[in-house]
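Here is a walk through a two-chain model. Keep the structure in view while reading.

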Amino acid sequence: MFSNFILDIDVSTINWSRAQFALTAIYHWLFVPLTLGLAVIMGIIETRYYRTREVFWRDAAKFWQKLFGINFAMGVATGIILEFEFGTNWSNYSWFVGDIFGAPLAIEGILAFFMESTFVAVMYFGWKKVSPGFHLASTWLTGLGATISAWWILVANAWMQNPVGCEFNPDTMRNEMVDFLAVAFSPFAVGKFFHTVISSWIIGAVFCVGVCCWYLMKKREIRLATESLKIGAVVGLIASLGAAFTGHISGQQVAKVQPMKLAAMEALYNGGTGQGLTAVGWVNPFEQPDYEKEASAPLKIDMPYALSIMATDDPHGYVPGINDILNGYTTPDGHVEPSVNEKIKMGQKAISAIAAYRKAKAAKAPEPELASLLSEIQANVKYMGYGYIKDKHDVVPYVPVNFWAFRVMVGLGVVFIVFFAVMIILAFKIPYLSVITRRLLAAFGILPETAADTHTLLGLPAWHYWLAVALIPLAYIASESGWLVAEFGRQPWTIQDMLPTWAAVSDLHSSSVMITFILFLVLFTTMLAVEISILLKQISKGPEYERG
Amino acid sequence: MQKNSWLYRIYDLYYDGFRSMRLGKTLWTIILIKLFIMFAILKVFFFPNFLKEHAHGDEAGYVATELIERGVGSGE
């Protein structure tokens, strides 16, 4: 891979820079979703306190806020390292996108600082200083602040996947924003935001239910565990169903603007109308498939028409495969998509025109000549990134990672829906349904006979509680898999169709990037171990009950 | 400062809050150590501003040269 481009950049510099960015982003993403998810849980629990004024709910809110605070504190500033890496390892990229990233990231920084630092302080320090209503508002606004921060970060990410609302300026060599609303509210950004935030609520819910089940297994903090579990399970089920729905919307956006990513996720080598979604199939995890020769992935069993529905809302909708995208295709509605080789020519024209324009400008060439070169740049800049590609196969992302990460994400999503649904049936007295489910579970040996007719979360087999605890790391795996699909699927592009990784990376020696990668690995592992140990200690200690 | 003024109440919220912290003290210590490592060590010694060091004030020119020279079949 990447063996065909002409440059004197060391390939290992690109790979180490990518690995370092991935490591930092994955580490950062361990904290963000739990912050977003626990914000909802603790907000609901404090709302219960506000409505009932029962001291139990205040103690419960304080307990979950303490766990939220530990996670929040450990996550503080981990995202800043990504910006360090932009400036050092990805300087061409950083300059190229600067104007577009500046506004969202500045808004994010100001919002994060003012909203979160103000309302977090009131949430922790203000129990006896402000009114219950103001305190409740601060708790919800803490979560809202984190969610709005996520919006701007996801706007920046969405722009890389679908660069809209900008114009390239060959004088400054930057993309300049011409339509803020198009950047901030592009359908890609909106879909990504809702899918990411709602799926983060699943992590908060799984964490909450897991902690509660641990208490139930130990037969302690029974009321806190039972009541919190109910809230966690309801949030979890709503979020899991919401993530499935927003995932569908997100998938449609991917189909429109990144068809290669969708083809890689599905290992769809040759597309067409009425495409099925792969329910079962085998893609060797360690080798890029021979998509030119293979008709489809081995052992493939489809859900008929499901991929076309997912991508286009039409069972007979057209979905291009990898080979169609490489060789160019025409959709049934007459849209002609150029082949990669044609795009390479357009990209080369864009780069040549930029070089000629800058040379002519320096030589003070007449206006008509500059205008003609400018129009050539504008006509081809959409595919500028293809000018850095020599072999068309370099634009195919690594299929196995996309294929399997997508299946891990979706598979675990289904597990969460079933898990939360069962927890709700067990935790709430739903007429008939609870009794029938309990008796069915008892019949299959999943519940003991003695628990079949009693409505309690206590006395379940130990493995039931352990399963809930084990789902906590699995929720993180599902969430990180989603990001793997989003980011691996758009390779080799740092900005879709405009800038591949090997043009975006700085001309650094790979050893310097390797050293900081190892430093980060040690630092992140240590910090994660510290966070987990503090969290476990506080969970083991349990809530502090005040006399009310 | 009047004790019922907004300014005093904000000051009191933070002062009293920080003073009575228990777990928070550990978390703040970790945050400060982390920020020190990030800004005083990593940023200073390992993450210089690449363009500032190499472009000598002409960032657009430097990036233009880089992107044109790296383009396949162009810039010759």
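Start where the chains meet. In this predicted model, 33 residues of chain B are in contact with 42 residues of chain A. Contact means that the C-beta atoms of two residues, placed from the backbone, lie within 7 Å. Helices (H or I, at least four residues) and strands (E, at least two) are DSSP runs, numbered from the N terminus. H2(B) brings the largest share, 11 residues. By class, this side of chain B holds 21 nonpolar, six polar and six charged residues. Here Ala, Val, Leu, Ile, Met, Phe, Trp, Tyr, Cys and Pro count as nonpolar; Asp, Glu, Lys and Arg count as charged; the others, Gly among them, count as polar.

Residues are numbered from 1 along each chain as its sequence is written, with chains lettered from A and ligands numbered from 1 in the order in which they are written. Local features need pLDDT of at least 70, side-chain atom pairs count only at pLDDT 80 or more, and totals for chains, interfaces and linings use all residues.

Now look at one helix pair. Two packed helices are described by the angle between their axes and the distance between the axes. Helix H2 (residues 55–75) of chain A packs against H2(B) at about 15°, with the axes 10 Å apart. Axes are lines fitted to C-alpha atoms, for helices over the stretch in contact, and angles run from 0 to 180 degrees between N-to-C directions. H2(A) is therefore roughly parallel to H2(B), a label for angles under 35 degrees. Which residues meet in H2(A) and H2(B)? From H2(A) come A:Lys66, A:Gly69, A:Ile70 and A:Ala73; from H2(B) come B:Leu23, B:Leu27, B:Ile30 and B:Ile31. They divide into six nonpolar, one polar and one charged.

Chain A has its own divisions. An automatic or database assignment sets the domain bounds: domain 1 (16–258 + 398–488 + 490–541), domain 2 (268–331) and domain 3 (340–393). The centres of domains 1 and 3 of chain A, taken over C-alpha atoms, are 41 Å apart. Nine residues of domain 1 are in contact with 12 residues of domain 3 in chain A. Strand E10 (499–500) and helix H17 (501–504) of chain A each supply at least two residues of the domain 1 side. That side has eight nonpolar, no polar and one charged residues.

Finally, confidence. The predictor gives the complex an ipTM of 0.89 and a pTM of 0.92. Chain B has a mean pLDDT (the predictor's confidence in each residue, from 0 to 100) of 88, and 92% of its residues reach 70 or more.

Key. Parallel < 35°, antiparallel > 145°, perpendicular 65-115°, else oblique.
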